[in-house]
Amino acid sequence: MRPPTVVGHHRTPLRLSRRRRHFIYGVGWLLWSTGALWLVFHYFFMGRGEFGDAPHPSEPWWLRLHAVAAFLALWSFGLVWGVHIVAGWQTRRQRVSGGILFATLSWLTLTGYLLYYLTDDGWRSVSALAHWIVGLAIPLVLAVHVILGRRRSGRNA
């Protein structure tokens, strides 16, 4: 078994504790699934209203849950920053996959912010497309980061 990595003056394991990992994954799946469900209900379950197509009644609730999950995800990112990212960056491990994951999360944060505050419909549509295409792909980006980290350290679980 390898000794813990030394970061600064402290011995810091790069792997998150089981509790933190489960919390982070739970928040991530809540965020991803509420966004995916909003997409499904928005594009495939529209109803007919008095004046044409009308949103499905559950659509606003998926969006509200997605917003709550996004807040939890930003808080969780701060937790991961303090206990995992800084130590990993200093040890030069997983810099490429971690950097791509960081850039992806930053992109989703930026485009989510734009979706909330943009008023021009054209730019809002561009931001929406950029947000949900990348958002649907983020589980793959995270999986690659985790798998590469486990391979490097020789862990299977």
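Visitor: Let's start with Leu39. Which helix is Leu39 found in?

Guide: Leu39 sits in helix α1, which covers residues 18–44. Keep in mind that this is a predicted model.

Visitor: Is Leu39 buried or exposed?

Guide: Leu39 has a relative accessible area of 9%. The cut-off for buried is under 20%, so Leu39 counts as buried.

Visitor: Setting aside neighbours within four places in sequence, which residues is Leu39 in contact with?

Guide: With those neighbours left out, Leu39 is in contact with Phe44, Trp132 and Leu136.

Visitor: And what separates the C-alpha atoms of Leu39 and Trp62?

Guide: The C-alpha atoms of Leu39 and Trp62 are separated by 9.1 Å. Along the chain, these two residues are 23 residues apart.

Visitor: On to helix packing. How do the axes of α1 and α2 cross?

Guide: The α1 and α2 axes come within 8 Å and cross at roughly 150°. Angles over 145 degrees count as roughly antiparallel, and α1 and α2 are therefore roughly antiparallel to each other.

Visitor: Left-handed or right-handed, that crossing of α1 and α2?

Guide: The α1 and α2 crossing is left-handed.

Visitor: What about α2 and α3, at what angle do they pack?

Guide: Helix α2 (residues 59–91) and helix α3 (residues 95–117) pack at about 155°, and their axes are 12 Å apart. That angle makes α2 and α3 roughly antiparallel to each other as well. The crossing of α2 past α3 is left-handed.

Visitor: Which residues make the contact there?

Guide: On the α2 side, the contact is made by Leu74, Phe77, Trp81 and Trp89. On the α3 side, Arg95, Phe102, Leu105 and Thr109 take part.

Visitor: Now the loop between α2 and α3. Which residue in that loop has a positive phi of about 65°?

Guide: That is Arg92, which has this phi although it is not a glycine. Arg92 is found in the loop between α2 and α3.

Visitor: Is Arg92 buried or exposed?

Guide: Exposed, because the relative accessibility of Arg92 is 59% and the cut-off for exposed is over 50%.

Visitor: What is the phi of Gln94?

Guide: Gln94 has a positive phi of about 55°, and Gln94 is not a glycine either. Gln94 also lies in the loop between α2 and α3.

Visitor: Buried or exposed for Gln94?

Guide: Gln94 counts as buried, at 18% relative accessibility.

Visitor: Zooming out, how many helices and strands are in the protein chain?

Guide: The protein chain has 4 helices and 4 strands. Their order from the N terminus is β-β-α-β-β-α-α-α.

Visitor: How many residues does the protein chain have, and what percentage count as buried?

Guide: The protein chain has 157 residues, and 24% of them count as buried. The chain exposes about 11300 Å², with carbon and sulfur atoms supplying 69% of that area.

Visitor: What about contacts between residues at least 6 apart in sequence?

Guide: Of those contacts in the protein chain, 69% join residues at least 24 apart.

Visitor: Last topic, confidence. What pLDDT does the protein chain average?

Guide: The average pLDDT is 87, and 89% of the residues score at least 70. Over residues 6–10 the pLDDT is below 50.

Visitor: How many contacts does the stretch of residues 6–10 have in the model, beyond near neighbours in sequence?

Guide: The model gives that stretch 7 such contacts.

Notes:
Residues are numbered from 1 along each chain as its sequence is written. This is a predicted model: local features need pLDDT of at least 70, side-chain atom pairs count only at pLDDT 80 or more; totals for chains, interfaces and linings use all residues. Side-chain values use heavy atoms; hydrogens and water are left out. Helices (H or I, at least four residues) and strands (E, at least two) are DSSP runs, numbered from the N terminus. Buried means under 20% relative accessible area, exposed over 50%, partly exposed in between (1.4 Å probe, protein chains only). Contact means heavy atoms within 4.5 Å. Accessible areas come from the Shrake-Rupley method with a 1.4 Å probe; for residues, only the protein chains shown count as cover. pLDDT is the predictor's confidence in each residue, from 0 to 100. Axes are lines fitted to C-alpha atoms, for helices over the stretch in contact, and angles run from 0 to 180 degrees between N-to-C directions. Angles under 35 degrees count as roughly parallel, over 145 as roughly antiparallel, 65 to 115 as roughly perpendicular and the rest as oblique. A crossing is left-handed if the near helix is turned anticlockwise from the far one by less than a right angle, and right-handed if clockwise.
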